Amino acid sequence: MSEAAPVIDLDGLGVRFGRHQVLDDLRGAFSGRAIGLLGPNGAGKTTLLNTLLGFYRPTAGTARLFGMDITAQGRELRRRVGYMPERDAFIAGISGVRFVRLMAEVSGLPPEAALERAHEVFFYVGLGEARYRNVETYSLGMKQLLKLAQAIAHGPSLLFLDEPTNGLDPPARLRMLRLIREIRDSGKARIVVSSHLLRDVEECCEEVLVLNRGRIATYCNLTEERRANRRFLELDLTAEREGAGSGFRAAIEGLGCEVAVVNRRRIKAVLPPGVEVRHIYASAIEQDVTILRLDYKRTSLEDIFLQAMEGDDGRL
Amino acid sequence: MAVYDHGYKGYDGPLMSARSRFLVISRYGLREVFASRLFLAFFAFCFAWPLVLLGAMYLRYNAEALALINLDSADLLDFVQVNTWFFQNLFLRVQLYLAFIVVLVVGPSLVSADLRNRAMPLYLSRPLTRTDYVLGKLVVLGVLVSAITWAPGLLLFAIQASLGGSEWLLENWRVAPSMVVVSVVWLLCMSLPMLAIAAWVKWKPWARILFMGAILTGTACGQFYKEFYDSWLGSMVVAFDVTDALSASVFGTQGAVQMPETAAWLAAAALASLSAALLYRRVRAFEVVK
């Protein structure tokens with residue numbers, strides 16, 4: 001497995017069930033620590049995850065995870081993958097720790113190591129006190145954490161999380177997102193999160209792939225987008241003297257900023273590299289201009305998503 | 001990692017061989033089966049008959065012990081003839097009936113709960129194939145059935161061989177491999193349909209009822225066909241007729257059922273293949289609705 005290779009490399013991937021084309025000619029390489037899969041219901045998010053996991057055979061093209069082909073090297077790949085399914089999934093009649101231990105052993109861990117890991121991950125996800133309870137007695141929120149525990153028990157390099165915050169109350173949702181961010185920041189595992197909740201994806205992903213009707217509607221690098229947003233400013237001004245406003249505009253243009261005038265009191269500016277907000281404030285002081293409001297451009301994931309969902313006629 | 005260190009940790013330790021991975025499923029399956037005290041008691045009861053036969057074999061060669069219970073050794077020698085018939089009918093036939101109950105009780109619990117609770121994606125997202133999964137479950141039934149059929153059978157055979165001497169061994173050597181072959185064929189012909197039905201209905205009681213129903217229906221239809229058309233063809237769908245014919249074929253004896261050997265083998269192979277195909281079709285991560 002090559003760590004330098006993209007986490008996911010889609011090469012014309014297509015999946016068809018009967019006459020229904022579920023995924024169609026997906027292409028692209030994604031290397032972020034946490035990749036979000038977004039899309040409306042039926043867009044193909046879960047099908048894409050299931051195909052990458054080897055549950056469905058591609059009918060066209062292929063895909064590679066860390067440079068390994070999902071069809072030819074499926075078994076080897078699944079040793080390195082953790083999967084948290086969307087719906088309830090467990091083995092009935094056994095305690096939580098036993099369930100996670102079994103899953104770790106099936107992934108290849110020796111029995112003693114599997115038992116140790118099972119206890120560790122139970123404490124990690126915050127279910128330590130409930131680890132000896134029968135899994136059927138767990139609440140919905142606990143079952144979500146249990147699914148995460150079994151997915152990380154064997155220390156995978158790639159983690160597929162399908163709707164991880166489904167059915168969680170706000171505190172449980174925050175806890176789940178915190179855990180996902182922690183795993184991402186540990187650098188031990190790359191994460192792919194499939195969700196229809198924009199907020200969740202925005203909070204824990206660096207790259208986002210938006211699917212619509214089985215095709216890639218858009219791809220967005222959220223880190224880059226956030227960085228770019230920091231360069232776009234919107235300023236509300238009030239001038240202390242006549243001509244101060246135009247003087248201020250000229251001053252910041254002199255710094256290399258691109259400036260657009262919205263009206264007499266509002267301007268928009270794009271900061272060039274090397275110019276910071278403090279330089280804008282310094283110019284304002286020099287030109288006797290008071291900055292009433294300074295705001296960064298906020299292109300949210302929602303804007304990106306809605307734009308991607310728009311049809312040719314501009315309708316959603 | 002100490003329990004106070006709650007940070008996320010990867011795993012860099014050793015891994016087990018991928019080839020024996022299915023045995024993890026078998027090990028857990030067996031542990032769950034023996035967690036039931038009722039089953040444990042029944043399983044212990046399954047050894048009662050081999051012990052009785054062992055006792056009879058011992059007494060047959062021990063005049064002192066016979067004298068203690070006021071029995072004449074000549075009477076017992078006539079009564080307990082330890083030969084092919086002894087192992088085929090007195091031992092194996094009885095044990096196979098008990099093994100049928102074991103399969104009926106244990107079989108459905110092995111797969112139906114996994115499918116009902118959507119555990120398949122969890123298994124199959126790991127380095128485990130559908131074949132590994134089925135094999136793992138089959139091994140559970142294989143161990144249980146073997147433990148009460150051919151394994152004690154071979155033990156009895158070995159004891160009798162040591163008591164009866166080389167002459168008896170030369171005369172009856174075929175008994176040992178025959179017990180193993182009949183038990184294994186029977187295991188496949190009973191376990192695969194049981195697992196297949198359990199995988200399709202996903203509910204233990206229904207799976208048991210359907211399995212019993214299938215056997216009884218087959219028997220009724222087969223008997224009716226045999227009586228009405230006076231033909232052995234009806235035996236093809238009677239599980240116990242097929243078992244008898246197979247057993248007679250393997251042990252080299254005259255069976256009670258008038259059925260060609262080839263037909264019996266064909267019926268067994270068809271049943272096992274069809275069941276395996278049905279089971280394999282059901283054991284998958286997700287159903288695809290086309």
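Let's start with a term: helices are DSSP runs of H or I with at least four residues, numbered from the N terminus. One of them is helix α12 of chain B, residues 239–251, and Ser247(B) has its place there.

Before we go on, a word on what we are looking at. This is a predicted model, where local features need pLDDT of at least 70, side-chain atom pairs count only at pLDDT 80 or more, and totals for chains, interfaces and linings use all residues. Residues are numbered from 1 along each chain as its sequence is written, chains are lettered from A and ligands numbered from 1 in the order in which they are written, and side-chain values use heavy atoms, with hydrogens and water left out.

Back to our serine. Is Ser247(B) buried or exposed? Its relative accessible area is 8%, so Ser247(B) is buried (buried is under 20%, exposed over 50%, partly exposed in between, with a 1.4 Å probe and protein chains only). Setting aside neighbours within four places in sequence, Ser247(B) is in contact with Gln88(B), Val182(B) and Gly252(B), where contact means heavy atoms within 4.5 Å.

Now, the rings. Over all chains, there are 21 aromatic pairs. Rings of Phe, Tyr and Trp (its six-membered ring) pair if their centres lie within 6.5 Å; planes under 30 degrees apart are stacked, over 60 edge-to-face, and the rest tilted. Take Phe43(B) and Phe47(B): with centres 5.4 Å apart and planes at 85°, they form an edge-to-face pair. Phe43(B) is buried at 10% relative accessibility, while Phe47(B), at 28%, is partly exposed. Thanks, everyone!

Note on methods
Helices (H or I, at least four residues) and strands (E, at least two) are DSSP runs, numbered from the N terminus.
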